[in-house]
Amino acid sequence: MNSMSIQSADSTSSTIEGDRLGIGTPLPIGQVSSESETLSSSSKVPIFVKMYIQDDCLGHRFIRSRDTSSIVERPERLRAVKIGLAAAIARIEEAEGALVPSDTNASVEDELTAALSKMDIAASDGGLIRARSISVTRSTATVDLLDNPAVKYVHGDIDGDVYLQNLKAWARDSEDNITKKGSEMPEGMPPLDLYLCPSSIDAIQGAIGAVCQAVDTVIASTRVDFSTDPQRAFVAVRPPGHHCGEDTPAGFCFVNNVAIGAAHAHLKHGIQRVVILDIDLHHGNGTQSIVWQINEETYQQTLESEQSPSEPNAPRPTRGPQIFYGSIHDVLSFPCEDGKASFVQAASTSIHGPHGQYIENIHLQTYNSEAYFWDVLYKERYSVMLKRASQFLDSTGGPGDDVMVFISCGFDACEHEYPSMSRHNRKVPTSFYHRFALDTCNFADVYARGRVVSVLEGGYSDRALTSGAMAHICGLIGESVHVDESWWDLENLIKLEKATKARKSVHPSLGNADPEPWLTRTSELLSHLDVYRTPPQPSRSWVPPTSRTLRERKKLSRNSSTPEVASKPGKDAQMQMPVPMSGSPSISASASESEAVSRLTAKKLPRVILHVRPPEGTS
């Protein structure tokens, strides 16, 4: 079907006939596990999920000022994700009967000894995980921004790697530029959305390395029979990537992790058709821009090859990949919040076929009950994205070994996100991340030999990140495990937060004298996943917060026919982070910063830690 439209925020997506995947069929409220659970487990193909963490990502820090109240993209949020991953593993082990009574009776000394003995795990979980189909890798993979084909494919320039060279220089010289000019970023870039430090390049290159490692593993596992390697992967890295275009950093993003992963799959493994599904609260304007450019080049190659006479027995001409990009987002939020026509139009574009473009944008809506969300919004509106992706693959050859599925997985649309981040009330229940993962995996089983690589994007509230990651992993594991949505209800999330609250003392609180088995197991797993702490900021003179206003960024030198609607950089969203909830890792971060600053003063003052809790009903 060849069509193009610009949808309004209140428009109803057209119904697509022939839903052979069953996508969008609502589940009963209170049950997020599949109705096929009653099938014999022996009739199901084993599914293996691998989770990747990369400790280099903790090095990307805001060093311009000690005032981080407006900085929502912080390294501590990775700990919240790890809590969600650990809780998901513990719950799945519990469902599989892998938790033993001794897990609830371990002494503090036994737990500490076990944690210390496993602190050296580097490349695998070393048998730590008892769940049959889950593994964890602490990735040490990295790339060189200036010497990697996939990075150059996405962010390179015909006249030289201008943007990539600049990016490395900005990070390298960040401390000097802060001292001299007050900011490490070039003038005109949004000062709160973008920041760098000397170790940011290690974080960026490590994030790309982990994504490419996941792609390699997933593709390799699906090209051999009866593989026990993972067909699905979740990559917990930062900084995020989906706002970054070819040479336009924005919205905390400096390179586009998912686009680079897709390019890596194409260049190294011959993947010709890619599906990118973006479920971040914000439109992935950078990803859409890059997809548009790649599709445009592939389309031109196709037209030229069709019009040029070919010699008998001549090899087929090399063509670029075809990519479907679909996004479910709040069109009232960044980068569209100011109502700028180019951003709103890009975030509302739906085009399927003409000019070789395959784009679907769906706007989040408010809901008053979960029944309305699942029966109306998810079934009739949000699941349309997967149906459009099915049409793209059907029209370009159907299922095949050349297909790969990516999820740009942001958790900032979660019901537990900070009110200031989701101030337009366009949210999803936490179970969305479970159900969408299930549907995406079913889609991938039909079209892509089960290949799914999910990459962390946004998400800023600890509770949103923890609950979203937990639900998402439970969805990626598939239908072989009975999943109960009460695992991430508010009562259990509060228990989880208390059990995993960062403490200087190893002694548990009196309220956790007899924790539930899954909480004890979560804490044990977290002690392995969260070994490395955020390094303290160096002792140096702090620069007062910037008072500069945003200017329109001038484009770097480039030659591209990409429409302005898909590639122009965004404006500063001026997003403010509220006071973190009790137990938030950001509190301990502030303490370490205070210690660094105290060493610069002549008189040593007592350190005061202020515990602030948010209003009831917020996370």
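## Contact range and overall composition

Of the contacts (heavy atoms within 4.5 Å) between residues at least 6 apart in sequence, 83% join residues at least 24 apart. The model is predicted: local features need pLDDT of at least 70 and side-chain atom pairs count only at pLDDT 80 or more, whereas totals for chains, interfaces and linings use all residues. Residues are numbered from 1 along each chain as its sequence is written, and side-chain values use heavy atoms, with hydrogens and water left out.

## Burial and surface

Of the 619 residues, 58% are buried, meaning under 20% relative accessible area with a 1.4 Å probe, protein chains only. The accessible surface (Shrake-Rupley method, 1.4 Å probe) comes to about 25,300 Å², and carbon and sulfur atoms account for 52% of that surface.

Leaving aside residues up to four places away in sequence, L167 touches L145, L196, I201, I204, F254 and V255.

## Packing of α4 against α6

Helix α4 (residues 162-172) packs with helix α6 (residues 200-221) at an angle of about 135 degrees, their axes 8 Å apart. Axes are lines fitted to C-alpha atoms over the stretch in contact, and angles run from 0 to 180 degrees between N-to-C directions. The two helices, α4 and α6, are therefore oblique to each other, since angles under 35 degrees count as roughly parallel, over 145 as roughly antiparallel, 65 to 115 as roughly perpendicular and the rest as oblique. L167, K168 and A171 of α4 meet I201, I204 and Q205 of α6 in this contact.

Notes:
Helix = DSSP H or I, 4+ residues; strand = E, 2+ residues; numbered from the N terminus. Buried < 20%, exposed > 50% of the residue type's maximum accessible area, 1.4 Å probe, protein only.
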